[in-house]
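Here's a quick briefing to go with the model on your screen. Have a look at the fold first, then read on.

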Amino acid sequence: MTEPGFASRWSSPEMQERLRRRYRAERRFRALGLAAIGIALTALVILLVSITARGWSAFAATELRLDVPLDAFVEWPEGADAAVREQAIDAADWGAPLREALLRLFPEVTERSQLRELAALVSTGARTQLRDRVARDPSLLGTSASLWLPADDEVDLVVKGIVPREAREGSQRLSAAQLGWLATLEAEGRVRRTLNTTFLTAGDSREPEQAGIRGALVGSLLTLIVTLAIVLPLGVATAIYLEEFAPQNRWTELIEVNINNLAAVPSIVFGLLGLAVFLNFVGLPRSAPLVGGLTLALMTLPTIIIAGRAAIEAVPPSIREAARGIGASPLQVTGHHVLPLALPGILTGTILGMARALGETAPLLMIGMVAFVVDVPGGFRDAATALPVQIFLWADSPERGFVEKTSGAILVLLAFLIAMNGIAIWLRQRFERRW
Amino acid sequence: MSLSALAMFVVALAAASFWLGRRRALAAAGGRAAALQSLPGYYGWYAALWSGVPGLVVLLAWMLFFGGALESLTLASLPESAHSLSSAEVELLFHDARNAAIGQASMRADDPVVIALAERWTSLQKTGLRLAFGLAFALGLAGAAYSLRRVAPGFAARAKVERAVGIALMLCSTLAVLVTIGIVLSLIFETGRFFERVPAYEFLFGLHWSPQTALRADQVGSSGSFGAVPIFVGTLLVTLIAMLVAVPIGLFSAIYMTFYSDRRLRAVVKPALEILAGVPTVVYGFFAALVVAPIVRDAGLTLGLDVASESALAAGLVMGIMIIPFVSSLSDDAITAVPQAMREGSFGLGATRSETIRLVILPAALPGIAGAFLLAVSRAVGETMIVVMAAGLAANLTANPLEAVTTVTVQIVTLLTGDQEFDSAKTLSAFALGLMLFSVTLVLNVIALRVVQRFREKYD
């Protein structure tokens, strides 16, 4: 009998060393896995935190309180009717009383260039606001009204502390004089931060402090309505056909392969299809939610079909057999039994597909939904943008105020996506059945 | 009279037929529904289908083809003097005329040619609508008459209706094929027109890309150059960076989640990865441009490297982060598909977990992981918003990740957004790039599906 080698004796030092090496490798491997997860989670946290930190302030707006002298400002002949008065109000130069109000606060300003800098503290949108207020309440005329009016976006950034207060240094665009006036206003309690209603109720604008996401939200809503109206019936019909009626042949196989491939086609290709077919061939209007919805419908169709098939497949065959057994036709089996049982699954898939469509940008760029649209769209054929496209447009804008607006719009978009996904999860948990 | 009126008319006709059919069936059976071969409602549906479907076909045909027919018929009435106009000018003329006809603001509302065209358009449109109404009405009535005559107690209405529904379902399912055909045809058609202007070999092998076409023919450098190699290289570079980020992180997190993680960690990481997958790409693009690109540039500066502000590295990194959940969930599927017995056999021989994973599980799951890799590449190649917002526009032929490069999708977006005439080589080149993109991703997807299917059966 020969002496066994060290390799078969566990207590030998060589073997112990080898075991330690193997365990070290094991720990290294495990650490690598943990590191991978850590990197992924860190990336997510940085993404969310950086956007929330920048976007949070978009929901606040800076306003300045000015005592606007409206006496003897707009005039009309004695006994003029409403239309004439309205015209007079429309035609008046509303910048003048604002300048006057600022001049009364800072009487030392006399130079033209300085006056211009002073007037720049107030948003250009303040004029329209002033006009609208007077139009609503003409009794303000002839008085000196103390009003809160929106500040310029650069002032807004300074008040929010996003841009430091050192004059004309680095990223500061306000002059020393402007910062001084602002400090005086703040000391007098004439500066406040309020909820930014403009951001939620206005359409797009070139001025950050006047820009809002309502137009984009309505555009997204109209687009999604078109998408849903097309994709739900077509997707469910296809899923039913493939699961319940399709014969096992090459044609069916072709359709299935096709759907699986379509699901992985880049979204921008669907944009090219929409451009070539809906705009150039059919001649539908550019930038319209109708075309956007059609394009996104083609893009989400495979997703909905695949989800619908999975839901229908999950209904056990015994249900079908029982219905057949009491004389139901194939269509009755499907319509009365299989479809109602598969509906929660189909709806979950549909909501997830809609959420994807809501976040999609590239195909909408192709069909011209990138236009600068100020008005809130009123119909399916009006020019519109969608929320993600609005984000893209603002991200491209040179004004710094838009960084905050972009992040704010992203927060709104993410809130919608989270809500939709939440509903889908709730539906799944509430109605999912295990057979 | 309009399109919606026509649609309502068709629906009303079908509803009336439904009611008539149902009543007629019940009357024929003397009011006893049990004497009918099918439920009374089926007779109604039968009549409704016969009267409504022709109208629906007319409506669809109108929507798809009438716009084009109207344009060519209207333009056929152009006076002799207008025959010398270019196609773009004729197009413009037609648009003005149509805007004038429907009462929208138009630049040349008082031009006599435009007024004549507008009148012609209006009258043709009216005639067309009347024709469509008449056709829908006649066909619908004929269908209703035919179907109502056939309603009798012994008539198998249910079978007929079910067959019609079956055909409708089948037609719905062919739409997916039609979409593919539509993509292929529209891309090939426009690419063909592009290759008439620019030879295919120049596009595929040319080294210089600057798609500016001049407004006038006599301008200097009017031709533009369309060598797409720099774009392809840029796309590959960004994709490569993204895969270098996504594949190790995605694969290792999938491994950790299936073999090491406890329940608590999994309850955090799974939803987090789902959120990462659900964040819209435009948000990633903004993140890349606003946060990651400055970090990359600053890091480069401290290392003494000159980094472009729109470097391939920043775009690739963020794209990699976007693809992590995709790789991770597909690898997870591949790993869990490996039979449990193989894992247990390996443990039984005394292998540690990492040895089991490296020597048994990964080789067995390799086809699935390879498929996941290919799908991820196809995803990265087709990703648009991140590169549009974070990568550059200049087509540099370089393999340096610190320089700005451009990708296929970026070029498609820049070529097709903004105002330009549709027939120029510049816009058509976007479709050629689109065809390349579609073919490459299609090939990758087909290979990925094949690989997964072919090798999965090995252990079943």
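Let's start with one bridge: A61(A) is partnered by T194(A) in strand 3 of chain A. This is a predicted model, where local features need pLDDT of at least 70, side-chain atom pairs count only at pLDDT 80 or more, and totals for chains, interfaces and linings use all residues. Residues count from 1 along each chain as its sequence is written, while chains are lettered from A and ligands numbered from 1 in the order in which they are written.

**Sheet in chain A**
- Strand 1 (residues 60-69) and strand 3 of chain A run antiparallel over 5 bridges; pairing takes at least two DSSP bridges, and strands are DSSP E runs of at least two residues, helices H or I runs of at least four, numbered from the N terminus.
- The open sheet has 3 strands in the order 2-1-3, paired antiparallel.
- Its edges are strand 2 (144-150) and strand 3 (191-195) of chain A, each pairing on one side only.

**Chain A meets chain B**
- The contact draws 68 residues from chain A and 70 residues from chain B, with contact meaning C-beta atoms, placed from the backbone, within 7 Å.
- Helix 1 (residues 13-55) of chain A gives the largest share of chain A's side, 18 residues.

**Chain B**

Terms used:
Contact = placed C-beta atoms within 7 Å.
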